[in-house]
Amino acid sequence: MNQSRLLPLVVLLVGLIVITVAVVPLPTPGYDSVSEVLLRTLHRRLLLVAVPLTLLVEGAILYAMITFHANNDPKPTEERPSFEITWTVVVVLILLFVGTSSYLVLGNLTVSAGPDMTNSSRPVDVHVTGQNWFWEFTYPDEEVTTTNTLVLPANRTILFRITSTDVIHSVHIPALGVKQDAFPGRTTTFKTNVTKAGTYRLYCAEFCGVGHSTMLATVRVVAPPEYQQWLQQHKRTQSDRPQATDAT
Amino acid sequence: MVLVVGIAAGTAWLLRSIGRSPSPWTDGGTVTVSDEVGLPGVVDLLEWVLTIDHRRIGILYLIFGTFTGLWGATDAMMIRTELLNPEAVVWTSGTYNALFTTHGLTMLLLFVTPVFTGIGNYFIPIMLGADDMAFPRLNAIGFWLLPPALVLVRAGLITEVIGRLFLALDLDLGFLFAIQPPELGWTLYPPLSVVSTNPETDILLVGLHLSGIATTIAAINFITTIILERSDSVSWADIDIFSWGMLTMSGIILFAFPLLGSAFVMLLLDRNFGTTFFAVKSGGPLLWQHLFWFFGHPEVYIIVLPGLTLVSLILPKFAAREVFGFRSMVYTTLAIGVLSFGVWAHHMFTTGIDPRLRMSFMVVSLAIAVPSSIKMFNWIATLWNGRIRFAAPMLFCIGGISTFAVGGITGVFLASIPVDLLVHDTWYVVGHFHFIIMGLIVFAMFAGSYYWYPILTRKMYDRRLALVHLVLTFAGVWIAFFTMLIVGYLGLPRRYATYPAEFTLLQQIATGGAYLLGLGVLIWLWNMVQSYRMGPRIENADVWDLKDIGQFTREWQWFETQLEREDE
C-alpha cells in the first residue's frame, strides 16, 4: 500500500522535529528570574509542538467533516495496524520529548543558582510564613521581619523556607516563576534568583478560607546596595519599637 | 430570595402548563400527530417510586441527574456573575467560596455519574440482551440513596429556605440558619476542613459517603450484569464499546470509592471525636491529599470513560461505517482504567514531596495520554472516507472531540512538573478540566440525549432548536474556557472571590461564554420537555437510517418490536 510506505517517514519527521525543538535555544525576552526563564522557556518549547499538533488535529476533524459530508461512496472500515502503530509511536515520541525536557528543567530548577553578584557562598535566606490571611517574611540573618512586603536583592540566590501557622497556603509569584505550598508543621523550600529589579505580586494559591483572595503581598526587588540600605533602615525602626519581633 | 421566588413561580407555571392541553402553534406547524401528556396520578407516582424495572430506574436516574446538573449549573452561573466585578459586590466572598465548593461536589459526584448510570441502566441490559440488571432491587436501592445524599450535601441552602419559610410564619428556627453551605473547595483539604465550625461540614461528609455507597452499588450491578447477564447470542466480542466503558468505569469505582468513604470517615472522626489522622503532628494534612487524590484522579476517569465510549458508539452511526480500530478502543479504555490509579500525585507537585516521587508520577501522567490520543486518532480515522451526516448527535460528538483535543493537550502541559509549578491552582487548571468535563463529557451526554430521544420518549426532538443549542454550547465552551487558560497563564489563582482589576475584561469575556452555555442548556431543556409533550410521534423505528449501513443495533431492534407491539 502506497500510503503505508510513507508512515516510517512520518515517524522520522516527527522524531527530527521534537529533537530540534528540544535543543534549539529560545530567546528569553523580559523574563525576570532564573526560575521564570526555566519554566516559561519549557512552556514555549512545549507550545512549539502542541500548537501545530492541535491545529493539525482540529484541521483534520474539520477537513473530514467538510470533505466526507454527504459522501455517496463511504468505504467500509478496514483494519489498518500500520496506521495505528504509526500514531502510537508518534505520540510516544512527543511525550518522550515532553518528559525529557521537563526532567532537565526540573533538575536545573533545584540545582542552578544563577549569577550571584556578591560572590557570597550563602544564599539570602527568607523565612515565609503564611497565616490567615497575611504573609510574614523574616530575614533570619538580619533579624528583620516584615508583613505583606517582601524586599529582595537582585542577582542573588534567594532561598525561601516556607511554612504556615494554621491551614495550607501557597506562595505564588507568577512573574518570577515561584510556587511552593506552605504547610503547617512542615518547611518547604524554593530557590530562585531574580535578575531584574521591579515590583511583583505574590498571591496565595491554596484556598485558605474567606480571606483567601485578599492574601496578597508585594515583592520589591532592588539592587543589592539598596537592599542593604533597606535592611539597615528597617532594623532601626524595628529596634525603636519595644515589641520588635525576635526573628530567630 | 429573588431566585427562590423565581424558581417557585417558574415551577408553578410549568406544572400548570403541563396539565394544560398542548397548543398547536408552538411546534411551528410541522406536527401532524401529537398526543397529550398529562400529570401522572398518585398510583402512577407510586409505581415509579416502587419500581425495580431497569428502564424506569434509568429514567429516574436521568431525571435526578438533570435536576442536579441544573442546580450545579445555577451555581456556575452565580460564580460567573460574581466574577463580572473585581470586587465582591454581587455576593459576598463567603457565598462565592460556598458556590464553587457546591458546584464542584454537585457536578462531579451527583450529576455526571448518575446521568451515565441512568443511560447504562436503560440501555445496557437491552444492548446485551439481558432481561434486566443483575440485581433489580439493589438497583432501586442504589438510586433511592441518591436523593437523601443530595439533600445532605446541599443542606446549607435547603435549611436556609425552610428557615425563611418558617420565619414568614413568625417561627424563628435559629438552628436551621446555623447550617451554612460549606466553604471548603470540593477537595476538602484539612486543616481547613477540620477546623471549620460549620455543622454542615459533617452533614456534607455523611451525604458524600452515602452517594459513594450508591455509586458503588450501581457499579457492582453493572459489572455483574455485563459479565453474567448477557444473552447467549452476545459473546465477549459482541459487547458494544459503551458497555466496555461502563464496565471499566465500574471497575475503577470498585477500587476508588471505598477508599474515599474511609477517608470521609477519618475526617469525620478527626472533626468530632478527636482522632488525629490528619492532625499536623500526626498523619498530617498531606495524608489527606494522598488518600483524596488516590480516589480523585481515578474519579476523573470514572466520569470521562463513559463519555469517551459514548462518543465511540454514536460517531460511527452517522459516518456510515464501523468505528475504526474497535479492538484498540477497548484496550485503550482498559489501559486508562489501570493507569488511572498511578497518577494521583500530579495534583501534589507543589507540595514539596520528593522530586523522585514526583518524577515517577509525571511519567505515568504522560503515559496515560497515549491511550487517549489513540482514541482521538481512531475517531478521525472513523470520519475519514465515511458519509458524514450532520444530525445533532453527530455534531455534538464532533464538537466534543474537537474540544477534547484542547483539554487533553493542556493536560499534558500540566503533567510536566515545571509547567505545573507555573500554573498549578490557577484558572489554567479550571480551563483545562472544563474543556474535558464540559467539552467532552457533557457534549457526549447531549449527543446521547438526542440520539436515543426517540427510544426514551417515542417522540422526535426539534432539530432547529438542537442546532441552536449546539452552536451556543460550542461557542460557549471555547469562549469561557479558553479565556480561563489565558487568565491562568497570566497567574491569577483559582477560587478567588476578588481579583486584581487588570483581569476584569478577561473575566467578563469568560462570563459571557458561560452565559452562552447556560442559555444553551435552557434551550436543551425546553426542547426535551416540549418535544416530549407535543413533538411528532415516531412511527418508524429506524430514525437514523441505520438499517442501510448495517448498524441497526440491538436497542433499535428492541424499539422496533416495541412499536410493532403497540400497533397491534
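Strand 5 of chain A and strand 8 of chain A run antiparallel to each other, paired over six bridges. Within that pairing, A:T157 sits opposite A:N193 of strand 8 of chain A. Please keep in mind that this is a predicted model.

Both strands belong to an open sheet of five strands in chain A, with the order 3-2-1-5-8 and mixed pairing. Its edge strands are strand 3 (144–147) and strand 8 (188–193) of chain A, each pairing on one side only. From one strand to the next, the twist averages 25°.

Strand 1 (residues 124–131) of chain A pairs in the parallel sense with strand 5 (residues 157–164) of chain A, over seven bridges. With strand 2 (residues 134–139) of chain A, strand 1 of chain A pairs in the antiparallel sense, over five bridges. A hairpin of two residues makes the link from strand 1 of chain A to strand 2 of chain A.

## Domains of chain A

The domain assignment divides chain A into domain 1 (2–111) and domain 2 (124–240). Their C-alpha centres lie 38 Å apart. How many residues of each domain are in contact with the other? Domain 1 of chain A contributes eight and domain 2 of chain A contributes ten. On the domain 1 side of chain A, the touching residues comprise three nonpolar, two polar and three charged.

## Chain B as a whole

Chain B has 22 helices and zero strands. Its radius of gyration is 24 Å, close to the 24 Å that the globule rule gives for 568 residues, so chain B is as compact as a globular protein of that length. Along the principal axes, the C-alpha trace of chain B spans about 70 × 60 × 50 Å.

For chain B, the domain assignment gives domain 1 (397–537) and domain 2 (540–568). Taken over C-alpha atoms, the centres of these two domains of chain B are separated by 33 Å.

## Where the chains meet

The contact between the chains involves 66 residues of chain B and 62 residues of chain A. On the side of chain B, the elements giving two or more residues are helix 4 (93–127), helix 12 (285–314), helix 14 (355–367), helix 15 (369–383), helix 16 and helix 17 (417–423). Helix 15 of chain B gives the most, with nine residues. By class, this side of chain B has 40 nonpolar, 19 polar and seven charged residues.

## One helix pair across the contact

Two packed helices are described by the angle between their axes and the distance between the axes. Helix 2 (residues 34–67) of chain A packs with helix 16 (residues 392–415) of chain B at an angle of about 170°, and their axes are 10 Å apart. Angles over 145 degrees count as roughly antiparallel, and helix 2 of chain A and helix 16 of chain B are therefore roughly antiparallel to each other.

Helix 2 of chain A brings A:L46, A:A50, A:L53, A:T54, A:V57, A:E58, A:I61 and A:M65 to this contact, while helix 16 of chain B brings B:I398, B:I401, B:S402, B:A405, B:V406, B:I409 and B:F413. The residues of this helix contact are twelve nonpolar, two polar and one charged.

Notes. Residues are numbered from 1 along each chain as its sequence is written. Chains are lettered from A and ligands numbered from 1 in the order in which they are written. This is a predicted model: local features need pLDDT of at least 70, side-chain atom pairs count only at pLDDT 80 or more; totals for chains, interfaces and linings use all residues. Axes are lines fitted to C-alpha atoms, for helices over the stretch in contact, and angles run from 0 to 180 degrees between N-to-C directions. Helices (H or I, at least four residues) and strands (E, at least two) are DSSP runs, numbered from the N terminus. Angles under 35 degrees count as roughly parallel, over 145 as roughly antiparallel, 65 to 115 as roughly perpendicular and the rest as oblique. Two residues are in contact if their C-beta atoms, placed from the backbone, lie within 7 Å. Ala, Val, Leu, Ile, Met, Phe, Trp, Tyr, Cys and Pro count as nonpolar, Asp, Glu, Lys and Arg as charged, and the others, Gly among them, as polar. Two strands pair if DSSP finds at least two bridges between them. Domain bounds come from an automatic or database domain assignment. The radius of gyration is taken over C-alpha atoms; the globule rule is 2.2 Å times the number of residues to the power 0.38.
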